[in-house]
Amino acid sequence: MTPLSLGIETVGGVMNKIIPRGTVIPSKKSQTYTTYQDQQTTVTISVFEGERALVKDNHQLGKFDVNGIPPAARGVPQIEVTFEIDENSILTVSAIEKGTGNSETISITNDKGRLTQEEIEKMVADAEKFAEEDKQQAALIQAKHQLDNYVYQMRNTIEDKDKLADKLSEDDKTTINDALTEAQDWINSNSDADRESYEEQLKDLQKKCDPIISKVYQAQGGQQGSEGAQDDEEFEDL
């Protein structure tokens, strides 16, 4: 069984676990990720082992880049990351960009920078000791990301002619734009805000924007409501 969880770094320095601790080996698991910036043509896959919520508290095993991603809006490219660990505990991590088929792979053996048994036991103990602190920190990062992502998705929705750019009245578009600008200014000025503040900002922004979006979709005979600005499927951001 795997002595520690294995995963990669995602937005905000969070460790996203792909193979949990105690998984029976051999094992092979995959998850799909996406980009965090517009026109991003390279993503770095940083591989970690550990039980803490943030990668800074875990152990890095290696990293590699996936290049040649077609320029696109953030959240559009899909990068499938696969972790495969064999009976000899050799870990192979591969990533493929689904649009182009571009891929990269790294192999990590037991004798290549892996932790000792004593270090593993300490890491597990620390995970239990700091479990509540880690949970709160991860929730803060998630709340911040949700607000930032809502601002991005809503702005994209009202500016893209394939979405609602030509379907909104000027008054409604101004109302949403003003609300988004206000929210972005708040984000830029409150980098040390707590989770509750980010969640409250998101709720306030949704109250201003969602009714307008819902009204447009209803007028178009669609069924999309407050989720109209979101993608059908969401992936973790790299």
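**Strands side by side, helices face to face**

What you're looking at is a predicted model.

Strands pair through backbone hydrogen bonds, and they can do so parallel or antiparallel. Here, 4 strands make an open sheet in the order 2-1-4-5, with antiparallel pairing. At the edges sit strand 2 (14-19) and strand 5 (59-66), each of them pairing on one side only. Neighbouring strands in this sheet are turned against each other by 30° on average, if you ignore direction.

Next, look at strand 3 (residues 27-34). It runs antiparallel to strand 6 (residues 79-85), and 7 bridges join the two. Along the way, Gln31 stands opposite Val81 of strand 6. Strand 3 is also joined by 2 bridges to strand 9 (residues 236-237), but this time the strands run parallel. Find Thr34 and you'll see Asp237 of strand 9 opposite.

Time for some helices. How do helix 2 and helix 3 cross? The axes of helix 2 (residues 131-159) and helix 3 (residues 170-189) come within 10 Å and cross at roughly 150°. Angles over 145 degrees count as roughly antiparallel, so that is what helix 2 is to helix 3. Their crossing is left-handed. Among the residues making the contact are Leu147 and Val151 of helix 2, and Ile176 and Leu180 of helix 3. Sorted by class, this contact has 9 nonpolar, 3 polar and 4 charged residues.

Definitions and conventions: Residues are numbered from 1 along each chain as its sequence is written. This is a predicted model: local features need pLDDT of at least 70, side-chain atom pairs count only at pLDDT 80 or more; totals for chains, interfaces and linings use all residues. Side-chain values use heavy atoms; hydrogens and water are left out. Two strands pair if DSSP finds at least two bridges between them. Axes are lines fitted to C-alpha atoms, for helices over the stretch in contact, and angles run from 0 to 180 degrees between N-to-C directions. Angles under 35 degrees count as roughly parallel, over 145 as roughly antiparallel, 65 to 115 as roughly perpendicular and the rest as oblique. A crossing is left-handed if the near helix is turned anticlockwise from the far one by less than a right angle, and right-handed if clockwise. Contact means heavy atoms within 4.5 Å. Ala, Val, Leu, Ile, Met, Phe, Trp, Tyr, Cys and Pro count as nonpolar, Asp, Glu, Lys and Arg as charged, and the others, Gly among them, as polar.
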